[in-house]
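Open the model in your viewer and keep the sequence panel beside it. This tour moves from one selection to the next.

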Amino acid sequence: MIQVENKGVLGSVSLDDIKALETEGKISLAKLTDGTGAGNDFLGWVKLPQDTPEALLDDIDATAARLRQLCDVVVAIGIGGSYLGAKAVIEALSDSFAAYKNTGTKVLFAGQNIGEDYLAELKDYLADKKFGIIVISKSGTTTEPAIAFRILKEQLEAQLGREEANKRIVAVTDAKRGALRTLADTEGYKTYVIEDNVGGRFSVLTPVGLLPIAVAGFDIKALVKGAADIATATLDGKCNAAMTYAMTRNALYRSGKKIEILVNYSPKLHFFGEWWKQLYGESEGKDHKGIFPAAVDNTTDLHSMGQWIQEGERSIFETVISVAKPERELRIPSDDANLDGLNYIAGKRVDEVNKMAELGTRIAHIDGGVPNIHVTIPELSAYSLGQLIYFFEAACGISGYLLGVNPFNQPGVEAYKRNMFALLEKPGYEKETEAIRAKL
Ligand code: PA5
């Protein structure tokens, strides 16, 4: 299982500082299980992995197989929680260069931005391809995915006709509400439901994440099993990884460390960092409180952000994710001329060098006043990723309650939407249009 080790923070906070949060931490965990905390109508994720019916996973696998048979490319349309989880898992499990060799079907993403060039280039790319669409929106009304879906649906219908297009579109949305639900029912798309009590950023283990991951050819049953195993152990109190992480980061926050950097040493985890940033940023950043979540990919970013982390303002701490064992084995060759001076590591595995870079950096950062939490997973597999996902979700719930916020709402994301609708003169926003014009 996941290991969390927090010795690397002890120069900044003491074990007693962390232990002082134990009672509050246990109360916070209990709020997740008994539903007595703020946002308790969004706790559907807490026991979701154990409760996911096998029949649902079989159905998702069958839909994925059908889409793969019909399509060379499947575009998953969604934003925020309806995008990042699937992207994170697919990137983590894919071959870096032949990403889809296991299935022959590519999963691309759209609706996560409003980039005109992005969408125009995607349209060009799809022009001669057999493609399908998974459109994902819990609310069914989010502007970014709605624009992308309108454009790609038109293209698919133009390429194949409406009847054939409809066989290649799957919608993941609310059971009853929203424009997407209405459209899906009218057109007869295959649909999956996002339950009301699971918020977007906690939805990767629902069809939101599972369907694109299954289309990419990965084992969703192992993913869910990994999550279920750590969920059971966390809720039974047999695994205290989430509790340790939540207490440690809150002790650091209370000691003045306002920024947390999630660090990986495996390029495949880049989008895992993006998923984690949304999970913690949207859950904790409210009431003018919250640790700012940042992420770096090392050793790449040691050559860009390394200087700041080593010697910049001491307001940061790091959480380093280590993958104990890479999937592949590659050794550094010996070279007779040795002009690059690398013969001293000839014969060593590339990962051994990576691990020494990681250890050396952790020690340097701790010495430089950057406390360090260390999270280790055995390998980048669907099972381990399932564990890592649930571990961070559980710790996020506990941590949000320790911070004293409702971890399950996101009122702040409405402000930009209001202004955008006012500026675009959306019907119903006349007053806001007038008010915003006065500010220009
Ligand atoms: O975590 C959240 O709730 C948000 O990030 C949503 O996932 C995001 O805004 C997309 O919303 P929807 O799925 O309703 O289109």
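Helices here are DSSP runs of H or I, at least four residues long, numbered from the N terminus. The model is predicted.

**Stop one: the end of α17.** Select residues 414-423, which form helix α17.

**Stop two: inside α17.** Go back into the helix and pick M420, F421 and A422. These three residues of α17 are buried. What covers the buried residues of α17? The cover includes α7, residues 143-160, and α18, residues 430-439. Show both helices to see them over α17.

**Stop three: E358.** Select residues 350-367, helix α15, and find E358 within the run. Is E358 buried or exposed? E358 has a relative accessible area of 4%, and the cut-off for buried is under 20%, so E358 counts as buried. Beyond its neighbours within four places in sequence, E358 is in contact with Y265, V320, S322 and H374.

Select C71 first. C71 is buried, at a relative accessible area of 1%. Then move to C239. C239 is in no disulfide. Which cysteine sulfur is nearest to C239, and how far away is it? The nearest is that of C396, 16 Å away. By the same cut-off, the model has 0 disulfides.

Terms used: Residues are numbered from 1 along each chain as its sequence is written. This is a predicted model: local features need pLDDT of at least 70, side-chain atom pairs count only at pLDDT 80 or more; totals for chains, interfaces and linings use all residues. Side-chain values use heavy atoms; hydrogens and water are left out. Helices (H or I, at least four residues) and strands (E, at least two) are DSSP runs, numbered from the N terminus. Buried means under 20% relative accessible area, exposed over 50%, partly exposed in between (1.4 Å probe, protein chains only). Contact means heavy atoms within 4.5 Å. A disulfide is a pair of cysteine sulfur atoms within 2.5 Å.
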